[in-house]
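Hi,

Here is the structure I promised to pass on. Have a look at it first, and my notes follow below.

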Amino acid sequence: MDTGLTQSEQRELEGRLQKRQVKEFMSVFGSLVDTCFSSCVDDFTSRALSGRESGCISRCVTKSMTTQARLGERFAELNASMTAEMQKR
Amino acid sequence: MDSDAVKKAIIRQALQTTNSVNARTLMENINRKCFERCVPKPGSSLSSSEETCLTQCMEKYMAAWNQVNLTYIRRIQQEVGNQAI
């Protein structure tokens, strides 16, 4: 596919997209930690996570990931149906 | 330096930068969250119980970070395993 970019421009573009992806992932990760910490950790009388708290965090992460995946699927479906609607007109 | 060594040096540099940005963001989050939880009514100085709470909050936050990391990786590995079947 001829995108009109030179080899080195192409490489530069890929590099930048990758960096942005990493940044985005890190911010998603950060907010996940924040959310699960808020929901699960309320006892600051000790330094270590209790068994209950780490179990809660595990479940919180798993639920978040499942939710994100499912929302992604629904969004893609909605997008596809809206596109189809617009093409009909 | 040959090109391979240059590449490695650049990767190392990039990782360092990313790590320091991550560390800074992490610190900001810890600051915000732990101040919220441990110092509900700010006085003119930190009491010793507030200080203790802040220390333990920070330790717990980092432990939580590790726990999230672990769970996340485990889950990804599971999904990759499922797809491979």
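**What I found**

Starting with chain B, its secondary structure amounts to two helices and zero strands (helices are DSSP runs of H or I with at least four residues, strands are runs of E with at least two, and both are numbered from the N terminus). Before you read on, this is a predicted model, where local features need pLDDT of at least 70 and side-chain atom pairs count only at pLDDT 80 or more, while totals for chains, interfaces and linings use all residues. Residues are numbered from 1 along each chain as its sequence is written, chains are lettered from A and ligands numbered from 1 in the order in which they are written, and side-chain values use heavy atoms, with hydrogens and water left out.

Back to chain B. Its radius of gyration is 20 Å, whereas a compact globule of 85 residues would come out near 12 Å (the radius is taken over C-alpha atoms, and the globule rule is 2.2 Å times the number of residues to the power 0.38). The C-alpha trace of chain B spans about 55 × 45 × 15 Å along its principal axes. Of the 85 residues in chain B, 21% are buried (buried means under 20% relative accessible area, exposed over 50%, and partly exposed in between, with a 1.4 Å probe and protein chains only).

Chain A also has two helices and zero strands. Buried residues account for 20% of the 89 in chain A.

On charges, chain A carries 13 positive and 12 negative side chains, with the centres of the two sets 2 Å apart. Chain B carries 11 positive and 8 negative ones, and there the centres lie 5 Å apart. (Lys and Arg count as positive, Asp and Glu as negative, and His and the chain ends are not counted; each charge is placed at NZ of Lys, CZ of Arg, CG of Asp or CD of Glu.)

There is one annotation to mention. An unreviewed UniProt entry gives "domain: Tim10-like" for residues 17–77 of chain A (positions are in the numbering used here, feature names are shortened, and annotations may be inferred rather than shown by experiment). That span is 84% helix and 0% strand, and its end C-alpha atoms lie 25 Å apart.

A:Phe44 sits in the loop between helix H1 (7–40) and helix H2 (51–88) of chain A. A:Phe44 counts as buried because its relative accessibility is 11%. Beyond its neighbours within four places in sequence, A:Phe44 contacts A:Phe37, B:Arg37, B:Cys38, B:Cys53, B:Gln56, B:Cys57 and B:Lys60 (contact means heavy atoms within 4.5 Å). Its C-alpha atom is 51 Å from that of A:Thr83, 39 residues away along the chain.

B:Lys33 belongs to helix H1 (residues 3–38) of chain B. Is this lysine, B:Lys33, buried or exposed? B:Lys33 is buried, because its relative accessibility is 6%. Not counting residues up to four places away in sequence, B:Lys33 touches A:Asp34, A:Phe37, A:Ser38 and B:Tyr61.

B:Met62 is in helix H2 (residues 48–84) of chain B. With a relative accessible area of 34%, B:Met62 is partly exposed. B:Met62 touches B:Leu26 and B:Ile30, again leaving out residues up to four places away in sequence.

Cheers
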